[in-house]
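Work through the exercises below with the sequence and the model at hand. Each task is followed by a solution in steps.

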Amino acid sequence: MAILYIKIIHLIGTFCLFLGFGGLFGIGKDKAIDKLVFGLHGTGLLLVFLSGFAMQGIGKYGFPLWLIAKIVLWIIMVLLFVLIKRQQMKTAAGVIASLITG
């Protein structure tokens, strides 16, 4: 039963993560929007990371190749957000890249 709750937390984290990426279109217009976007993205990343490792621990999977690939994709999601925030990547391109990565 506990794995079900962890999967739900994982999905909520994924939704928060992508809401944060979608909010990048409104960034820079209002400080309240900026804080909300950064908070959604950070909360989503944290929930996905922690619940993912919780599922891995409960399932006793070890570190198979698919898990390593998911960790690499998680790092890419962090880097995409940072690149967009620092305006080193256009917002539309970053959001499309995040959808492909997701």
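The model is a predicted one.

**Exercise 1. The chain as a whole**

Describe the secondary structure and the overall dimensions of the protein chain.

Solution. 
- Step 1: Count the elements. The protein chain has four helices and zero strands, and from the N terminus on the order reads α-α-α-α.
- Step 2: Take the extent along the principal axes. The C-alpha atoms fill a box of roughly 45 × 25 × 15 Å.
- Step 3: Look at burial. Of the 102 residues in the protein chain, 28% are buried.
- Step 4: Look at sequence separation. Among contacts between residues at least 6 apart in sequence, 65% join residues at least 24 apart.

**Exercise 2. Helix 3**

Compare the span of helix 3 with the expected one, and find out where on the helix its buried residues fall.

Solution. 
- Step 1: Helix 3 covers residues 65-85, 21 residues in total. From its first C-alpha to its last it reaches 31 Å, close to the 30 Å expected at 1.5 Å a residue.
- Step 2: List the buried residues of helix 3: L67, M77, L80, F81 and I84.
- Step 3: Look down the axis of helix 3. These buried residues fall within an arc of 130°, so they line one face of the helix.
- Step 4: Identify the packing partners. The buried residues of helix 3 pack against helix 1 (2-23), helix 2 (31-59) and helix 4 (91-101).
- Step 5: Check what comes after the helix. Helix 3 is followed by Q87, which has a positive phi near 60°.

**Exercise 3. S98**

Is S98 buried or exposed, and which residues does it touch?

Solution. 
- Step 1: S98 is part of helix 4.
- Step 2: Apply the cut-off. Buried means under 20% relative accessible area. S98 has 0% relative accessibility and therefore counts as buried.
- Step 3: Leave out residues up to four places away in sequence; S98 then touches F18, F21, M77 and L80. M77 and L80 are among the buried residues of helix 3.

**Exercise 4. The largest pocket**

Which elements and which classes of residue line the largest pocket?

Solution. 
- Step 1: The volume of the largest pocket is about 500 Å³.
- Step 2: Its lining consists of 22 residues, and H10, V48, K70, I71 and W74 lie nearest its centre.
- Step 3: Helix 1, helix 2 and helix 3 each give two or more residues to this lining. The largest share, seven residues, comes from helix 3.
- Step 4: Sorted by class, the lining has 14 nonpolar, six polar and two charged residues.

Notes
Residues numbered from 1 in each chain as written. Predicted model: local features only at pLDDT ≥ 70, side-chain atom pairs only at ≥ 80, totals over all residues. Heavy atoms only, no water. Expected span 1.5 Å × (residues − 1). Buried < 20%, exposed > 50% of the residue type's maximum accessible area, 1.4 Å probe, protein only. Arc of directions from axis to C-beta. Contact = heavy atoms within 4.5 Å. 1 Å grid on protein atoms, 1.4 Å probe; cavity = no way out; pocket = protein on both sides within 12 Å on 5 of 7 lines; lining within 4 Å. Points joined across faces, edges and corners; volume = space filled by probe spheres on them. Nonpolar A, V, L, I, M, F, W, Y, C, P; charged D, E, K, R; others polar.
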